[in-house]
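Have a look at the fold first, then read on.

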Amino acid sequence: MTADRDWARVAAGPPVTVRAPATSANLGPGFDSLGLALSLYDDVEVAVTSGGLAIEVDGEGAEVAGRGERHLIVQVLRRAFGLLDELAGTDLGQPPGLRLRCANRIPHSRGLGSSSAAIVAGIVAARHLHPAGAALDDAAALRLATEIEGHPDNVAPCLSGGLTIAWTGGTGPRSVRLEPRIDQVTAFVPERRLATEQARGLLPATVPHGDAAANAARAALLIAALTEGLGTDVLLEATEDRLHQDHRAPAMPESAELVARLRGKGVPAVISGAGPTVLVFTSSARLDSMSAEVGNGWHIHPLNVAPHGAHVQHDRSGARP
């Protein structure tokens with residue numbers, strides 16, 4: 001069967017809709033390694049068509065709908081289709097046309113993994129649509145997502161859900177999924193955006209040995225606290241960071257001040273990812289008592305830990321999410 005006929009068969013079927021969760025990386029001391037999937041979602045619908053490229057974006061990022069081939073999800077779809085041909089030994093090439101519809105709820109440039117959600121959604125959609133999609137297994141999906149994003153700490157929880165530890169070894173990026181025993185977290189999202197590149201550019205090239213040792217201990221303690229339910233007092237100590245948050249504070253002074261105020265009241269608070277969102281390990285029941293420390297100017301999102309990573313909605317073929 002020719003490539004044209006294969007893509008025509010796909011185009012005759014329904015579009016695929018992928019739901020991808022927000023994520024929070026670092027979680028304080030787990031710099032570039034720990035990540036948590038959160039119950040705030042983007043929905044991405046992709047359809048193969050007979051020709052052309054059409055993009056619709058509702059919500060966050062609506063201003064980039066006109067980017068065409070430069071749109072991040074389109075670029076991801078192209079790379080994923082090409083990789084699937086390579087892995088499966090097929091020669092389908094790119095589909096004749098694509099229609100992309102995005103309903104975005106994850107704030108952009110706020111440290112909640114919006115780009116990771118877009119990347120992972122594109123990969124999951126591509127392997128569901130491509131006739132040889134099974135060739136792109138979870139390990140290959142993580143490698144491709146990391147190549148595009150640059151780091152595995154956000155894409156890993158977006159792929160698998162829950163709490164993840166991600167690292168890069170001799171065979172490339174890898175991750176382990178853990179089951180956290182926390183009921184809820186709260187994200188305090190400011191109006192102001194902050195580019196990840198700007199925040200990362202403030203980090204020093206080297207850190208003192210004592211700070212590295214302290215963070216290693218806190219990261220290990222944080223994993224125990226999150227998976228064993230060790231309580232707020234332990235979480236407060238476990239979320240202490242000496243590697244990145246203070247260095248990034250000049251780029252997000254309001255966020256740094258909020259973290260300091262909350263922690264001064266005994267509340268485990270950290271910068272989410274590269275910021276400027278503040279993530280607090282507390283339930284919505286405590287929000288009223290925290291209002292004096294929080295103040296105005298923040299969008300408050302009580303969130304659950306997302307148990308599942310990016311997955312196809314109304315799966316029509318039984319393919320893996």
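Is Glu 63 buried or exposed? Glu 63 counts as exposed, at 55% relative accessibility. Keep in mind that this is a predicted model.

## Salt bridges across the chain

Glu 63 has a charged partner: a salt bridge joins it to Arg 193, with 3.8 Å between the closest N and O atoms. The two sit in distant parts of the chain, 130 residues apart. Glu 63 is in the loop between strand 3 (52-59) and helix 2 (72-88), while Arg 193 is in the loop between strand 7 (185-190) and helix 6 (196-200). Arg 193 is partly exposed, with a relative accessible area of 40%.

Another of them pairs Asp 43 with Arg 19, at 2.7 Å from N to O. Asp 43 belongs to strand 2 (residues 30-49) and Arg 19 to strand 1 (residues 16-26), so this bridge ties together parts that are 24 residues apart in sequence. Asp 43 counts as buried at 13% relative accessibility, whereas Arg 19, at 25%, counts as partly exposed.

## From helix to helix, and a network

Arg 79 and Glu 147 make a further salt bridge, their closest N and O atoms lying 3.2 Å apart. Arg 79 lies in helix 2 and Glu 147 in helix 4 (residues 138-149), so the pair ties together parts 68 residues apart in sequence. Arg 79 is partly exposed, with a relative accessible area of 40%, and Glu 147 is exposed at 53%.

Some bridges share partners: Glu 45, Glu 56, Arg 99 and Arg 101 are joined into one network that way.

## Cysteines without a disulfide

How many disulfides are there? The count comes to zero.

Cys 102 has a relative accessible area of 4%, and Cys 158 has 0%.

## Val 46, a buried spot in strand 2

Val 46 is found in strand 2 and is buried, with a relative accessible area of 1%. Along the chain, Val 46 and Cys 102 are 56 residues apart, yet 8.7 Å separates their C-alpha atoms.

What does Val 46 touch, leaving aside its neighbours within four places in sequence? Its contacts are Pro 15, Val 16, Leu 77, Leu 98, Arg 99, Leu 100, Ala 125 and Leu 129. Among them, Leu 77 is one of the buried residues of helix 2, and Arg 99 is part of the salt-bridge network.

Helix 2 has 17 residues and reaches 24 Å from its first C-alpha to its last, close to the 24 Å expected at 1.5 Å a residue. Just after this helix comes Gly 89, with a positive phi of about 70 degrees.

Which residues of helix 2 are buried? They are Ile 73, Val 74, Val 76, Leu 77, Ala 80, Phe 81, Leu 84 and Asp 85. An α-helix has 3.6 residues a turn, so residues three or four places apart point the same way. The buried residues of helix 2 pack against helix 1 (3-12), strand 2, strand 3, strand 4 (97-104), helix 3 (114-129) and helix 4.

The largest pocket has a volume of about 990 Å³. Its lining takes in 44 residues, and the closest to its centre are Leu 72, Ser 114, Ser 115, Glu 149 and Thr 196. Helix 3 gives the largest share of the lining, five residues. Elements that each supply at least two residues include strand 1, strand 2, helix 2 and helix 5 (152-160).

Ser 114 also turns up among the contacts of His 108. His 108 is in the loop between strand 4 and helix 3 and counts as buried, at 18% relative accessibility. Leaving aside neighbours within four places in sequence, His 108 is in contact with Glu 60, Gly 61, Ser 114 and Arg 193.

Notes. Residues numbered from 1 in each chain as written. Predicted model: local features only at pLDDT ≥ 70, side-chain atom pairs only at ≥ 80, totals over all residues. Heavy atoms only, no water. Salt bridge = Lys/Arg side-chain N within 4 Å of Asp/Glu carboxyl O. Helix = DSSP H or I, 4+ residues; strand = E, 2+ residues; numbered from the N terminus. Buried < 20%, exposed > 50% of the residue type's maximum accessible area, 1.4 Å probe, protein only. Disulfide = S-S within 2.5 Å. Expected span 1.5 Å × (residues − 1). Contact = heavy atoms within 4.5 Å. 1 Å grid on protein atoms, 1.4 Å probe; cavity = no way out; pocket = protein on both sides within 12 Å on 5 of 7 lines; lining within 4 Å. Points joined across faces, edges and corners; volume = space filled by probe spheres on them.
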